[in-house]
Amino acid sequence: MERLTYQHDERWCIDGKKTASDTQANCWGDAIDRLAAYENTGISYEELQEVVDLFNEFVEPNVPLELTNWMERCTWHVKKCDELRKEIEQLRATKTAESVLKMREEKHRFLLSPFGFDPFALVWLAFKNLYPDKDCSVYWEPEIRDAEDGSEVFGLTNFGDDGTIDVFVKPTIGVLDAVEVLAHELAHVAVGVEHDHDSVWDDAFEAIHQQYNQIGDALLEAIKKDSETKEDNTTMNIVVITHNPAGQKLLFCVPEDKKLKKDDKVMVKTQRGLAMGTCICDSFECDYSAAEALCSVLGGRMPLAPVIGKYTLERWDDETSDA
């Protein structure tokens with residue numbers, strides 16, 4: 001299996017590279033030490049899962065207790081490997097978010113984009129986090145050729161004979177659609193020309209999507225913490241809400257004297273009218289520039305649409321009854 005961990009200065013580290021010139025490795029303590037211990041066994045998470053699946057599928061009542069106990073330990077190890085890998089991915093996304101905030105604080109331009117936390121830049125960052133050795137050039141192209149059946153094509157990846165890879169995205173579609181098209185094409189770059197929308201490509205596309213969401217969530221938390229440590233008279237009370245079947249996360253403003261909690265059901269005012277939504281975090285205060293940055297990550301625009309009310313339950317039965 002491909003290792004995620006390596007040793008640097010007698011410590012287990014992980015940062016996506018294993019080069020001798022790496023003098024500033026990212027060390028994240030216990031999580032990496034434990035993952036390194038599992039990787040040192042040489043048994044992959046997938047191999048353990050295969051054994052567990054076979055055992056669970058063909059197990060009989062007269063299986064010896066020793067074997068059953070051994071399989072229970074295997075099951076525990078499979079779950080632990082999965083938990084550790086998820087923990088590493090979250091740590092990686094958190095480190096990325098901290099780096100982005102530092103660049104913003106130092107007034108650097110994030111990935112040469114004029115927009116704060118450009119979603120295209122975040123997709124590219126998710127791609128490079130997962131596939132640091134893969135590279136390509138990305139261009140807007142309004143005249144991408146149609147498919148053989150005449151249907152319109154919004155993105156294209158060209159694998160050159162000289163080894164270069166060019167990605168083209170049609171600029172006439174909406175921003176969020178173009179972001180998804182870019183992720184789609186970068187998945188082709190990741191897996192190569194031999195995998196055309198097969199299961200390998202599906203896994204790469206899903207991995208980029210998950211990494212993008214992790215970076216966005218980490219940025220949300222980092223900006224929230226950053227805004228809490230700064231004194232600013234132009235603060236806003238805001239909350240992240242999902243209010244449509246697609247589960248899209250959008251930012252809304254909350255009256256200054258109101259506090260919302262995660263999972264609260266609320267009424268929001270949108271461009272299409274009133275809608276019911278669900279809070280995915282507690283409401284919090286941040287400055288105007290941080291709210292703008294969050295809009296560019298999650299979607300939406302300033303000024304923010306308002307939350308106009310919260311749903312409450314009026315009990316008609318006896319609260320002590322089981323009904």
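Two strands count as paired if DSSP finds at least two bridges between them. Helices (H or I, at least four residues) and strands (E, at least two) are DSSP runs, numbered from the N terminus. The model here is predicted, with local features needing pLDDT of at least 70 and side-chain atom pairs counting only at pLDDT 80 or more, while totals for chains, interfaces and linings use all residues. Residues are numbered from 1 along each chain as its sequence is written, and side-chain values use heavy atoms, with hydrogens and water left out.

Of its 323 residues, 37% are buried (under 20% relative accessible area, 1.4 Å probe, protein chains only). Take the contacts (heavy atoms within 4.5 Å) with a separation of 6 or more: 60% of them link residues 24 or more positions apart.

E4 (residues 155–159) and E5 (residues 165–169) pair antiparallel over five bridges. Five residues lie between these two strands in their hairpin, where Gly163 has a positive phi near 95°. E3 and E5, on the other hand, run parallel and are joined by four bridges. Phe168 in E5 turns up in both pairings: it is the bridge partner of Leu156, and Tyr139 stands opposite Phe168 too.

Key. Buried < 20%, exposed > 50% of the residue type's maximum accessible area, 1.4 Å probe, protein only.
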